[in-house]
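Dear colleague,

I am passing on a structure that may be new to you, and my notes on it follow below. Please read them with the structure open beside you.

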Amino acid sequence: MNDNINDKNTNTLTTRDQMNVVVIGHVDHGKSTVIGRLLADTDSLPEGKLAQVKANCKKNSKPFEYAFLLDALKDEQAQGITIDSARCFFKSQKREYIIIDAPGHIEFLKNMVSGAARAEAALLCIDAKEGVQENSRRHGYLLSMLGVRSVAICVNKMDLVDYDKTVFDNIVTEYAEFLKAINLEPKFYIPASAREGDNIVTNSAAMSWYTGPTVLEAFDSFEKEAPVTDKPFRFPVQDIYKFTADGDDRRIIAGRIETGTIKVGDEVIFLPSEKTSTIASIEGFNLTSQQTAIAGQSTGFTLDTQIYINPGELMCKVADVQPNMSTKIRANILWLGRHPMIKSKRYKIKLAGSRMPVWLRSVNTVLDASDLTTSSYAEQVERHDVAECILETLKPAAFDLATQIQQTGRFVIVDNYEIAGGGLILGSVEDKTDRITEHVNQRQKSWDRSKLTQGLRSGQYDQRSALVLVTGPADSGKSDLAKDLEAYLFNKGRYVYYLGISNTLHGIDADINDASLRDEYLRRLGEVAHLFTDAGLILITTASDLDDYELEMIKTLNSPNECVVVNIGENRFSKTVPDMQIDSIKNSDVAINEICELLKAKKYLIEYYV
Amino acid sequence: MDQLDVLESQGIYILREAYREFKQLVMLWSIGKDSTVLLWLARKAFFGHVPIPLMHIDTSYKVPAMIEYRDKLALDWKLNMIYGQNTQALEDKQTFPDGNATRIQCCQNLKTKALKNTLSGAWPRWILDHEAGKYVRHTDTEPYTGVIVGVRADEEGSRSKERYFSPRGEQNDWDVGDQPPELWNQFKTDFAPGTHLRIHPLLDWTELNIWEYIQRENIPIIDLYFDKGTGKRYRSLGCYPCTSPVDSTSTNVAEIIEELRSGKFSNIAERSGREQDKEDCNGLETLRRDGYM
């Protein structure tokens, strides 16, 4: 084939675009029929499909309906309703479309939401005869909440009301008033009859009083949202790769750029660890070398310096406006779970690249999306509620406000394996208290104290109790050192105990076997440490790769007793300055000696000089 | 970014999410164009490496050229290549070509059952030993909990309802009416013991997108898709007793694209050459609810 022709093909390729459009509305208001008609009248059906569906109808002795083209699954044909969001593909003169047929039945709201969350534009169908119904309003609200801005309203089944302009006008007036209250302004209201083909692809002779666009023309007039290159750079770190096969020594920070642009040489900061570095290269496969990368691209970077960061951090440019960082988030949450969202239960939040434990701290207001009434006295969030809540995480989350940067301003909540809710962030909350501190305050208040005070114990033992926490990367020799330290102190007559990690894992942690519950393992470690230190002992234990916030939690749980942090090997804390840093253990006697000097200096080991 | 860039970026994003979240992850490679594009996306996602094992279900009725192509690419690209097979059904001749099963029963035996049991580790897995250049019994029998599949929503009705991350029950069953919500590229990556997730990075791609991408990236695709002088070629690859070649003189990728855009196939369903789809009203859906790809 001639090269020029090839070039031409490539050119037509780059100018074409694709748009996801969701079709929604109350159950039985004709969504699937609208789509079936759209496909049929644009000649977009594959030859096999129409014949196959017609043959199936004949076999089952029922009249053919356009909706059957989409409701391709058995359950749906039997019940005549759409259960899940189906996608279908068609082309207009202007562009390609993926049409998402979302179910109208309340029971399948999560499927409707999944369909709408994927969409760039929406067509909301209202039955001319039935008028505005509960889910017409709820779906309208959810479109507004999910951030779909290109919206057309199709008043369908106009044939059932004799194509009466008054009926249409009344529905438009009623619905426009509702949408105004939620700040959603549709681009068009279109009177149509999908069954008869009026105003779907071709204009309607029966409604000459309507001069606006057909449904297809409305779609074509929607503008495609461009990648967001004009906002601050946000790059959720998906993973850090070091594939060593074939001598590859690149350490690549992988992810997708959500907003903004970046170039080689830019200074970057990772949040929440607040570590900084500089972009050394932009990596790719089967690509010519890149100096810049922009929003929308799944890409990877190498850095100038070797810093220790985790998947889930948010990489930003030092020069840009920084995101918020907080452990308290105020958000609008749409709850879809089978069980209500309650306080005191541990959930998981997935926000950009991060996954963290999260708790519902309070419910400010609950909205009924079908009539916009609110209530302020809820203690929990029920299924299908939209609620303004305060959430609390253990470690600060890095995020933006949804109104400013949508991509890093929204999240989902996981309840016991299932995504049970979605939320948009309204702001962070200034609140000095946190769950762990509140818990420890409560615990100390309720503590059943014996007749032996800390003073009596330390007088008797010649020591003040402390948690000696040996931190550092895995395999840095922490537990060997900890055991040697225990033996040394013991031989000097001290009251000391070494707590091995596997002793807790197979002891008090035996009921949990899930690495994602790391915070729970650490919580229990903190509580156990507190018991030992309360007994007046020096407790020595180890923990790998603690970050600042995890360390803080253990210290809080061990309080009011004290903690000494000895870090072995690379110091991966970003803010914490360990009480002692040992780069590598060359001679354990020297290391133990240094630690003992520290314990003496801090008056944990009390010595009497004669 | 043009449409292919957007699709590629989303595919890579999904692959990386899967790789991040699933320890026992596998990618199904049928040798066809879609899963070969998927394999290419993996090389893109992981910067030239493929850190995920590939699995092929060998029905023994595949065109021999497919197996040759599979093994050549596996060696060239240093792939961690695994295959599984329902050897019992083949020995017992419980197949359509042997006359002892309908087309759908045959698919259930040679594909669905083989797939389920190879995924769970109940049946032997065979892995390519790159040094010896042959397959040996795989020692890993842990169940796979993340299974990456190259299905596209435009292929047929039931596939159009899939999520990007779609749960399967303990029996590999798919509850279409009760799927998890999928919001803003946050996928279901948590799963109960005994269940697994099917992961679909190519869900939004059309057949035409696949060919355009093959052209753009110059992906080495198996030549059964091209006419080699007989006036026939395969449009969709399956087992030879149930997959007919189509009449077409396209000899290269550019000609196939032209044929799909404006030529004779612009209006004919891709799977029209697959006979098992026609046996029941919803043949493929019946198969898929039970664990088929």
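**Helix H1 of chain B and its neighbour**

H1(B) has 19 residues and reaches 27 Å from its first C-alpha to its last, which is close to the 27 Å expected at 1.5 Å a residue. Please keep in mind, here and throughout, that this is a predicted model. Of the 19 residues of H1(B), 15 are buried, so this helix is largely enclosed by the rest of the structure.

Helix H1, made of residues 3–21 of chain B, meets helix H2, made of residues 33–45 of chain B, with axes that come within 9 Å and cross at roughly 75°. Because an angle of 65 to 115 degrees counts as roughly perpendicular, H1(B) is described as roughly perpendicular to H2(B). On the side of H1(B), the contact is made by B:Glu8, B:Gly11, B:Ile12, B:Leu15 and B:Arg16, while H2(B) contributes B:Leu41, B:Ala42, B:Lys44 and B:Ala45.

**Chain A as a whole**

Turning to chain A, its secondary structure comes to 15 helices and 26 strands, and its C-alpha trace spans about 110 × 65 × 50 Å along the principal axes. Chain A has 610 residues, of which 43% are buried. Among the contacts in chain A with a separation of 6 or more, 73% are accounted for by residues 24 or more positions apart.

**A parallel sheet in chain A**

Within chain A, five strands form an open sheet with parallel pairing, and their order is E23-E24-E22-E25-E26. Strand E23 (496–499) and strand E26 (580–582) of chain A stand at the edges with a single partner strand each, so one side of each is left without a neighbour in the sheet. From one strand to the next, the twist averages 20°.

Inside this order, strand E22 (residues 466–472) of chain A pairs in the parallel sense with strand E25 (residues 562–568) of chain A, over six bridges. A:Leu469 stands opposite A:Val565, the latter being in E25(A). Helix H13 (residues 518–534) of chain A packs on the sheet, where it touches E22, E23 and strand E24 (538–544) of chain A, and the direction of H13 makes about 160° with that of E24(A).

With kind regards

Conventions: Residues are numbered from 1 along each chain as its sequence is written. Chains are lettered from A and ligands numbered from 1 in the order in which they are written. This is a predicted model: local features need pLDDT of at least 70, side-chain atom pairs count only at pLDDT 80 or more; totals for chains, interfaces and linings use all residues. Axes are lines fitted to C-alpha atoms, for helices over the stretch in contact, and angles run from 0 to 180 degrees between N-to-C directions. Helices (H or I, at least four residues) and strands (E, at least two) are DSSP runs, numbered from the N terminus. Angles under 35 degrees count as roughly parallel, over 145 as roughly antiparallel, 65 to 115 as roughly perpendicular and the rest as oblique. Two residues are in contact if their C-beta atoms, placed from the backbone, lie within 7 Å. Two strands pair if DSSP finds at least two bridges between them. The expected span of a helix is 1.5 Å times one less than its number of residues. A residue is buried if 20 or more other C-beta atoms lie within 10 Å of its own, exposed if 12 or fewer, and partly exposed in between; C-beta atoms are placed from the backbone.
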